[in-house]
Amino acid sequence: MKVKLDRTMCDGFGLCAKHAPEYFPLDDWGYASLEGTGAVPAEDEDAVKRALLDCPVHAIIELKDKRRRPAGEKG
């Protein structure tokens, strides 16, 4: 899983930091920032997904894998 944070949309509710503080620390004004590259290991996906789903302004976006699948492959 990989996510990005649109800081221009963040309104400082802090729910992301509640669920995944190691990925979404709050600055001095209470606004989130994204720690690291946005790559989330499998063991942290639940917390980051909860942060994404609970963000009232949808400032956290999951980036989809854009690699092409071979013809006929489902998934």
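Me: How many cavities of 30 Å³ or more does a search of the whole structure find?

Reply: Just before the answer, keep in mind that this is a predicted model. The search of the whole structure turns up 1 cavity of 30 Å³ or more. The volume of the largest cavity is about 90 Å³. It is lined by 14 residues, and those closest to its centre are Cys 10, Phe 13, Gly 14, Cys 16 and Cys 55.

Me: Which classes of residue make up the lining of the largest cavity?

Reply: The lining has 11 nonpolar residues, together with 2 polar and 1 charged.

Me: Let me step back to the fold. In what order do the elements of the chain run from the N terminus?

Reply: The order is β-α-α-β, made up of 2 helices and 2 strands. For contacts with a separation of 6 or more, 63% join residues 24 or more positions apart.

Me: How should I read the nonpolar core, and which residues of the largest one touch the most other members?

Reply: Here is the general idea: in soluble globular proteins, nonpolar side chains tend to be buried together. In this structure, the largest nonpolar core has 16 residues, and Val 3, Cys 16, Tyr 23, Phe 24, Ala 32, Val 48 and Ile 60 touch the most other members. Strand E1 (2–5) and helix H2 (45–54) each supply at least two residues of this core, with H2 giving the most, 3 residues.

Me: What is Val 3 in contact with, leaving aside its neighbours within four places in sequence?

Reply: Its partners include Phe 24, Val 48 and Ile 60, which are also listed among the core residues that touch the most other members. Val 3 is in contact with Leu 34, Thr 37, Gly 38, Val 40 and Leu 52 too, as well as with Ile 61, Glu 62 and Leu 63.

Me: What share of the chain counts as buried, and how much accessible surface does the chain have?

Reply: Of the 75 residues, 28% count as buried. The accessible surface comes to about 5500 Å², and carbon and sulfur atoms hold 51% of that.

Me: Is His 58 buried or exposed?

Reply: His 58 counts as exposed because its relative accessible area is 54%, and the cut-off for exposed is over 50%.

Notes
Residues numbered from 1 in each chain as written. Predicted model: local features only at pLDDT ≥ 70, side-chain atom pairs only at ≥ 80, totals over all residues. Heavy atoms only, no water. 1 Å grid on protein atoms, 1.4 Å probe; cavity = no way out; pocket = protein on both sides within 12 Å on 5 of 7 lines; lining within 4 Å. Points joined across faces, edges and corners; volume = space filled by probe spheres on them. Nonpolar A, V, L, I, M, F, W, Y, C, P; charged D, E, K, R; others polar. Core = buried A, V, L, I, M, F, W, Y, C linked by side-chain atoms within 4.5 Å. Buried < 20%, exposed > 50% of the residue type's maximum accessible area, 1.4 Å probe, protein only. Helix = DSSP H or I, 4+ residues; strand = E, 2+ residues; numbered from the N terminus. Contact = heavy atoms within 4.5 Å. Areas by Shrake-Rupley, 256 points an atom, 1.4 Å probe, with all protein chains shown as cover.
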